Amino acid sequence: MFYNPVMAADRDLAIAFVRAWRPGPDRELTGWEVTAATGIRGLRLLTESERFASFVFTEPNDDAFAALAPNARRHPGAVAIHDDGRHPPTGAPFDYVDIDPYGSPAPFVPAALAALRTGGVIGVTATDMLVLAGAQPAVAKRRYGAVPIRGRLGQESGLRILLMFLARAARSQGRSVRPLLSYVREHYVRTYVELVDAGSGDDPVGTIDPTTWDGPPVGARGPYGPLWLGSLFDASIVARLTTPGSAAQTREVDALIARLRGEAGIDGAFYYEPNSLAASLRLAAPPSLAALLGALAAEGYRAARTHVRPEGVRSDAPRSAVERIARGLAANDQSQNARVRA
Ligand SMILES: C[S@@+](CC[C@H](N)C(=O)[O-])C[C@H]1O[C@@H](n2cnc3c(N)ncnc32)[C@H](O)[C@@H]1O
């Protein structure tokens, strides 16, 4: 009950992330798994990433702790604590902290950030997708202080709400965050952010007013957010990600890493989909994905398929350019079809 096989690929990716992360001078790291269950996530990081000297695990549930304690005893450096993860355990500050709860990570974030060294990384999962993706806006407002975007962009909006929430929590402690790797998968969003000194500038957090927003159409109501509108990735870390030899789900992790690599250097928030473009522009048929990517690149824009949706294209092109290109491709298709019929 406390071991979820669906998350095996996610734990594989955690190992890939830690191996790709270069936290500075070579030294062994310390970690804390806040919501440990059996401890499988942190124990895999401890034993398979070869980067950690020690890992602390907190778990208040009696049954889960009964599984965690013997697991930890078998691994030198692992310390299991039968306690609530909303208070930092002995050993803080840590280099790496992981929150992987049932539902929202919000209650765990303040203590996790307080227990993290500046320059350290926090990995956070949120599985309350109904809330983050807009199906329960009142709960989103209460829990995260944000108005989510509903519909096709809802999952990425959820990821950006989580990042905004982390950025605000870090600010309240006089620090700031820098996303290194963030993604949407199945029923959850997950991000790894570095905790940095608060600079003098503001975080890239803002609301989206649909009447002035120049990115992919977000819906007519709004304003939406506040959302993290900056990058989701550190492209150099994403370029170094490789599926660990010990991975439980090699093909799935390979595929996700490949998609993330393609889009990691592109800063555009959200993505365009051929079908949605065709519907909003009233085109006879959607442009093909390859044609859209090719035409954007030919005009000097960066564009790649996003991991978030199979047909999604992330680009730094303004909406006006994407729409002009989509219209041009549709007109081209129509005249070609006419020539074939003639
Ligand atoms: C989704 S499971 C963790 C799964 C684990 N990270 C893995 O990869 O298998 C969430 C765990 O958080 C625990 N939990 C609930 N409330 C908690 C709290 N206040 N402090 C720490 N852990 C808590 C639950 O008992 C449960 O075992």
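Does R44 count as buried or exposed, and at what relative accessibility? R44 counts as buried, because its relative accessibility is 10%; buried means under 20% relative accessible area, exposed over 50% and partly exposed in between, with a 1.4 Å probe and protein chains only.

The model is predicted, so local features need pLDDT of at least 70 and side-chain atom pairs count only at pLDDT 80 or more, while totals for chains, interfaces and linings use all residues. Residues are numbered from 1 along each chain as its sequence is written, and side-chain values use heavy atoms, with hydrogens and water left out.

R44 is found in helix α2 (residues 40-48). Helices (H or I, at least four residues) and strands (E, at least two) are DSSP runs, numbered from the N terminus. G215, by contrast, has its place in the loop between β8 (205-208) and β9 (224-228). The table sets out the accessibility and the contacts of these residues, where contact means heavy atoms within 4.5 Å. Neighbours within four places in sequence are left aside for R44 and for G215.

| Residue | Relative accessibility | Contacts |
|---|---|---|
| R44 | 10% | A8, R11, D12, I15, S49, S246, A247 and A248 |
| G215 | 11% | Y272 and R319 |

G215 and A317 are 102 residues apart in sequence, yet their C-alpha atoms are 8.2 Å apart in space.

In helix α10 (residues 274-281), the buried residues are P274, L277, A278 and L281. Seen down the axis of α10, these residues fall within an arc of 100°, so they line one face of the helix; the arc is that of the directions from the helix axis to the C-beta atoms. An α-helix has 3.6 residues a turn, so residues three or four places apart point the same way. The buried residues of α10 pack against α11 and α12. Just after α10, R282 takes a positive phi of about 55°.

The axes of helix α11 (residues 289-298) and helix α12 (residues 319-341) come within 10 Å and cross at roughly 125°. Axes are lines fitted to C-alpha atoms, for helices over the stretch in contact, and angles run from 0 to 180 degrees between N-to-C directions. Helices α11 and α12 are therefore oblique to each other: angles under 35 degrees count as roughly parallel, over 145 as roughly antiparallel, 65 to 115 as roughly perpendicular and the rest as oblique.
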